Amino acid sequence: MISKAELEFQKRMEKFIPPKENWTPIDKALFTQKTYFEDYQKSLDLTFNAIKYSFNHHFENNSLYRRLCEVNNVTPDTITSKEDFNKLPLLPDSFFKDYPEGKGFLKWLDNVYTGTTPMPTFRTEIPDHDNVIEEFNKKGVSIMFTSGTSGRFSFIPRDNGSWNRLKYNAMRSVVELMDYNPNDTVVLLIPDPRLTNLTIASLFGIAYDLYNSENIHVALEDMKITTQYLRMQRAETIGIKEKIKAKAMSKLSPIVLKRSDNKIISLLENLEKEGKRANIAGPPFWLNRIMGRMIKEDRKVKLPDSQVLTGGGWKAEEDKRTPEETFREKVENVLGIPQDRFHDVYAMSECSSVFLSCEGHYKHVPPTIIPLVLDENLNSIGYDKFGRFAFIDPIPESYPGFIITGDKVKLMERCPACNRKGPVLDIEVSRLPGVEGRGCAAVMADLMEQEE
Ligand SMILES: [Zn+2]
């Protein structure tokens with residue numbers, strides 16, 4: 001039986017699905033099955049074709065990737081069956097921040113881009129990163145960015161088609177793993193996603209495709225997060241002039257934050273009064289700060305039908321993170337949202353899939369990607385052991401989506417908590433030792449002056 005939410009979802013999805021006669025094997029893998037987690041195997045079989053297609057595409061049209069293949073003696077002829085997928089050369093995620101500054105940056109971007117780069121014309125020979133992002137946006141290429149604790153940015157270019165596929169793919173997970181109602185209120189604890197290409201904002205910004213925009217509340221409106229803004233926040237700028245400018249741009253003073261938090265708390269109180277439900281989404285540290293305020297001011301609420309979706313991880317310091325279970329208890333205690341309505345998502349700029357947890361808190365892997373867990377020698381170690389996360393993502397056409405991350409995960413063949421099909425990632429995802437802290441939550445935490 002097709003639920004009302006599913007019908008509404010299908011209506012919203014139509015614009016992301018190209019006409020059938022133009023489908024590539026990638027589109028077939030994404031759009032053929034009406035569910036991902038019931039017909040997991042059927043979609044996965046189509047994903048195998050998509051991977052072969054995608055590998056050929058990047059081998060033929062991306063000279064950087066082709067060189068990597070040649071060094072490893074891999075050609076499209078080597079990859080004949082899914083058993084050969086472990087031969088696919090993988091790129092380290094650090095590849096996307098390994099660019100030269102200045103004049104070489106555009107050349108680098110051109111090399112990363114598979115096929116002909118829709119290169120904009122720039123007024124200067126060395127445009128800054130924000131200018132590059134803006135001009136590419138106009139050309140239909142969205143360059144997502146994030147930065148790790150080192151302060152160095154990663155840039156991932158996505159053509160319009162690949163971005164639409166990512167959105168569709170992520171939305172499927174939301175609809176199948178959460179309690180989706182298009183008329184829900186949404187509270188986004190992020191800067192306005194329509195004003196930035198910062199990964200965490202862009203991904204949570206998918207809410208605008210799932211829900212009615214008049215029901216979406218953004219915690220920090222009118223806040224344009226650019227790479228320059230972030231660089232200045234990190235005090236990496238030189239010269240007193242820049243410092244003064246940085247100070248002037250710094251809007252996230254404790255007063256601004258307090259005002260924003262209070263606005264959100266009042267909103268939650270109103271929702272409680274009106275008996276409405278909401279989806280509250282953002283990085284955990286942000287929600288944690290709001291809950292801290294609510295405890296201090298004795299303003300707890302009860303929203304038993306609402307949901308929480310956290311993502312972006314904690315701050316850079318892994319040792320300061322709260323175990324998810326403790327955090328879930330706090331959410332239940334302060335917001336009155338039951339633990340089975342708490343979800344967390346593991347996502348990153350380089351990946352077209354999001355790994356969203358079910359009511360049992362395991363993160364489900366959609367059938368549109370092949371997950372891998374690697375040992376120190378980068379050999380696949382299969383299920384039930386902790387190792388380095390890597391993936392074969394056939395979705396992007398503008399860069400090769402065959403990538404090794406710096407995250408430590410454990411893959412399980414099936415979910416211990418629910419009946420959805422396909423593998424899951426264990427609840428806690430962390431950074432491997434010696435790898436710099438991951439981007440988005442760290443970047444956001446940096447933006448916020450801590451209150452005493
Ligand atoms: Zn599950």
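**H12 against H13**

I started with the pair H12 (residues 254-274) and H13 (residues 284-296) in this predicted model. Their axes come within 10 Å and cross at roughly 75°. H12 is therefore roughly perpendicular to H13. My axes are lines fitted to C-alpha atoms, for helices over the stretch in contact, and angles run from 0 to 180 degrees between N-to-C directions. Angles under 35 degrees count as roughly parallel, over 145 as roughly antiparallel, 65 to 115 as roughly perpendicular, and the rest as oblique.

I then listed the residues that meet. H12 brings Asp-261, Ile-264 and Ile-265. H13 brings Arg-289, Ile-290, Arg-293 and Met-294. I call two residues in contact if their C-beta atoms, placed from the backbone, lie within 7 Å. By class I noted four nonpolar, no polar and three charged residues in the contact of H12 with H13. For classes, Ala, Val, Leu, Ile, Met, Phe, Trp, Tyr, Cys and Pro count as nonpolar, Asp, Glu, Lys and Arg as charged, and the others, Gly among them, as polar.

Ground rules, for the record. Residues are numbered from 1 along each chain as its sequence is written. The model is predicted, so local features need pLDDT of at least 70 and side-chain atom pairs count only at pLDDT 80 or more, while totals for chains, interfaces and linings use all residues.

**H13 against H14**

I followed H13 to H14 (residues 324-335). The axes come within 11 Å and cross at roughly 40°. That makes H13 oblique to H14. The crossing is left-handed (the near helix is turned anticlockwise from the far one by less than a right angle; clockwise would be right-handed). From H13 I found Pro-284, Met-291, Met-294 and Ile-295 in the contact, and from H14 Phe-327, Lys-330 and Val-334. The classes here are six nonpolar, no polar and one charged.

**H1 against H7**

Next I took H1 (residues 4-13) and H7. The axes come within 12 Å and cross at roughly 170°. H1 and H7 are therefore roughly antiparallel to each other. Ala-5, Glu-6, Phe-9 and Met-13 of H1 meet Tyr-168, Met-171 and Val-175 of H7. I counted six nonpolar, no polar and one charged residue in this contact.

**The core**

Which residues touch the most other members of the largest nonpolar core? Leu-188 and Phe-391 do, in a core of 101 residues. Helix H7 (residues 160-177) gives the most to this core, with eight residues. A nonpolar core here is a set of buried Ala, Val, Leu, Ile, Met, Phe, Trp, Tyr and Cys residues joined through C-beta atoms within 7 Å. In soluble globular proteins, nonpolar side chains tend to be buried together.

I listed the partners of Leu-188, leaving aside neighbours within four places in sequence. They are Phe-204, Ala-207, Ile-216, His-217, Val-218, Ala-219, Ala-281 and Gly-282.

I also checked Leu-166, in helix H7. Leu-166 counts as buried, with 27 C-beta neighbours inside 10 Å. My cut-offs are 20 or more other C-beta atoms within 10 Å for buried, 12 or fewer for exposed, and partly exposed in between, with C-beta atoms placed from the backbone. Leu-166 touches Ser-352 and Ile-395, not counting residues up to four places away in sequence. From Leu-166 to Ile-206 I read 9.8 Å, C-alpha to C-alpha, across 40 residues of sequence.

**Loop residues**

Asn-181 sits in the loop between H7 and strand E4 (185-191). Asn-181 is partly exposed, with 16 other C-beta atoms within 10 Å. The C-alpha atoms of Asn-181 and Glu-8 are 8.7 Å apart, yet the two residues are separated by 173 residues along the chain.

Most residues other than glycine have a negative phi. I looked up two with a positive value.

- Asn-73 has phi near 55°. Asn-73 is in the loop between helix H4 (63-71) and strand E1 (91-92). Asn-73 counts as exposed, with 9 C-beta neighbours inside 10 Å.
- His-361 has phi of about 80°. His-361 is in the loop between strand E9 (355-357) and strand E10 (363-364). His-361 is buried, with 22 other C-beta atoms within 10 Å.

**Whole chain**

The chain has 15 helices and 15 strands. Helices (H or I, at least four residues) and strands (E, at least two) are DSSP runs, numbered from the N terminus. Of the 452 residues, 41% count as buried. Among contacts between residues at least 6 apart in sequence, 70% join residues at least 24 apart.
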